Amino acid sequence: MQMGFHHLLLIGFGFIIILNNVNGHPIEDLVENLPGQPKVGFRQYAGYVDVDEKAGRSLFYYFVEAEKDADKLPLTLWLNGGPGCSSIGGGAFTELGPFFPRGDGRGLRRNTKSWNKASNLLFIESPAGVGWSYSNTSSDYTCGDDSTAKDMLTFMIRWYAKFSELKSKPLFLTGESYAGHYIPQLANVILDYNKQSNDFKFNLKGVAIGNPLLRLDRDVPAVYEYYWSHGMISDEIYLRIKEHCNFDDYEFPVPHNEPISCNQAIDEAYKIISDYINVYDVILDVCYPSIVQQELRLHKQVTKMSVGVDVCMTSERYFYFNLPEVQKALHANRTNLPYEWSMCSDVLNYSQSDGDTDMLPSLKNIIQHDVPLWIFSGDQDSVVPLIGSRTLVRELANDLNLKTTVAYGAWFHKGQVGGWQVEYGHKLTFATVRGAAHMVPYAQPSRALHLFSSFVHGRRLPNATRIPIA
C-alpha cells in the first residue's frame, strides 16, 4: 500500500524531532566522547546558549548526567569565582566533575568521587569573556555583579528550553570563592522571577557556597589572622597589621585608602609567605608551571603528587583544553576566539567595586524564602579563611534570630573527623572540611562528596561515629 505525501512528510518530521532530541536533550550538544576519555555509562552535553542575540553574547556550558538514576536525582549548578574564572576548568575538570586531566595533558582519568554520584551537574562559564563564553560586542566585557546575574537568569531560562524535562527537578545552586557573590545574586533574581511568573517557576531547593567572599571587613582581616595562627608571619608583623589597618573601610581589591604603615606591613607579610606557598592550600606543595608546560609539550608524564593531590593539574588542564580536538568534541570555541582558553579571563574588565558588596542581606533573603543555605570552608585555605566565614554565618543567624540546634562540634566521615559544623535549624548550616583547600573537592574529594550528598538529600552531617575507640 502506498502512503500519501503528507503522511510521509509527517513521519519524516517526527523522525527529525527524534533525531534532534534524545530524552528531551538536544542531540546537537551531545558530547560523544572526549579525547582520551575513559568509558562511562552516563551522557555529557556541551555547547552554547545565547543570552543576547543582538549583542552576540553567548555563554558556554557543560552538563553531566548523574552516574545512575539521572531521572530521579536533582540538578545542581556549580559556578567558580574570580571574578572571571572558569567553572568548566575549575569545578568540572579539577574538582567535582567526572574527569580529571591525565598527567600527560592529552587524556582524562575518572574522578571516583564526582558529585554526579548524587546529582546531575551543570557548569557554566560566566560572564561572557570567561573561558569559551564570548560576546561580539567588546563593551560587554566591562561588566559586574548585576549584569552577570541577569545573564545567568536568561541563560537558565533558555537552557531549560533545551532540556525541558529537567524544569521540574529540584535545583541546587552551588559554587565557591567569588561565587559568594554570583550564587546568592542568582538565587535572588530567581526568587524575584518566581514571584512574577505566572507560568514556569524554578524549583529552587537549596544554596551552598564554599569558602565564599561575603563581606570584606570580616574576610580580609581573617587572612592575616590565618597567616599568623599558622606560623606564616611573625607576631610583630601581625600586630602591626592589626594596629595600622582599618579593615572596616577596606576596598576591593587593594586598600588604596589605608595608611602607608598598613600597606608596608602587608607587603612584608607577603614577602615572608613567598611565592613558594600555595595560599589556596597552605599544606600543599607548589607546581612550577613553566617546567610543566615544557614537559607536556615533550609528551612527558608530569603529575606531581602532594598529600594525594596532583598539584600540577592546572597546567595539565590548560594544555588539554587548548587541544583543537578537545574543543571540537565539546562544541566549544565556535567563533575561533583570538586567544587561548585560560582558567581566568584576560579580556574581562569586571567591576572591582562590586567586591565591596555586603552579601549578608542577599543570604538573609534566601533564608527568608525558606531556601536552606549551607556555607562550607576548607580549613587549609588562607585566601577566604573559615575564620571570617564562620563569624559572618553567626552574625547572619543572630540577625534572623535563628537558634543553634546542633552545637558546634565534629562531623564524621568513614570513622574520622570530616570537619566541624554548627546548625541553626534546617535553614542555615556552617561546616568545615578538614584538610581541604579553597577548592574543597580538589583536596578532599571523599569528604566533599559526603558533604554535598548530605546537602542535596536534606540530611544532617553525622555528628557521631560508629567505630568504637578503645
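Predicted model: local features only at pLDDT ≥ 70, side-chain atom pairs only at ≥ 80, totals over all residues.
Author: Buried means under 20% relative accessible area.

Reader: Is Cys 312 buried or exposed?
Author: Take the cut-off of under 20% for buried. Cys 312 comes out at 2% relative accessibility, so Cys 312 counts as buried.

Reader: How many disulfides does a search of the whole structure find?
Author: The call rests on two cysteine sulfur atoms lying within 2.5 Å. Cys 85 and Cys 344 pass, with sulfur atoms 1.9 Å apart, and Cys 245 and Cys 262 pass with 1.9 Å. Cys 287 and Cys 312 pass too, at 2.1 Å. For the whole structure, the search gives three.

Reader: How many residues apart in sequence are the parts that Cys 85 and Cys 344 tie together?
Author: Those two form a disulfide. Cys 85 sits in the loop between β5 and α2, while Cys 344 sits in the loop between α10 and β15, so the parts they tie together are apart in sequence by 259 residues.

Reader: Which handedness does the disulfide of Cys 287 and Cys 312 have?
Author: Their sulfur atoms are 2.1 Å apart. The pair links distant parts of the chain, with Cys 287 in the loop between α7 and α8 and Cys 312 in the loop between β14 and α9. The torsion about the S-S bond is about 105 degrees, so the disulfide is right-handed.

Reader: What is the pairing when the bonded cysteines are numbered in sequence order?
Author: The pairs are Cys 85 with Cys 344, Cys 245 with Cys 262, and Cys 287 with Cys 312. Number those bonded cysteines in sequence order and the pairing reads 1-6, 2-3, 4-5.

Reader: How many residues of helix α9 are buried?
Author: Helix α9 spans residues 313–321 and is mostly covered. Among its buried residues are Met 313, Phe 319 and Tyr 320.

Reader: Which residues form the negative surface patch?
Author: One member, Asp 356, is found in the loop between β15 and α11. Patch residues need over 30% relative accessible area, and Asp 356 is partly exposed at 32%. The patch consists of Asp 248, Asp 249, Glu 251 and Asp 356.

Note on methods
Residues numbered from 1 in each chain as written. Heavy atoms only, no water. Patch = residues over 30% accessible without salt bridge, like charges linked within 9 Å, V, L, I, M, F, W, Y side chains within 5 Å. Areas by Shrake-Rupley, 256 points an atom, 1.4 Å probe, with all protein chains shown as cover. Salt bridge = Lys/Arg side-chain N within 4 Å of Asp/Glu carboxyl O. Lys, Arg positive; Asp, Glu negative; His and termini not counted. Charge placed at Lys NZ, Arg CZ, Asp CG, Glu CD. Helix = DSSP H or I, 4+ residues; strand = E, 2+ residues; numbered from the N terminus. Buried < 20%, exposed > 50% of the residue type's maximum accessible area, 1.4 Å probe, protein only.
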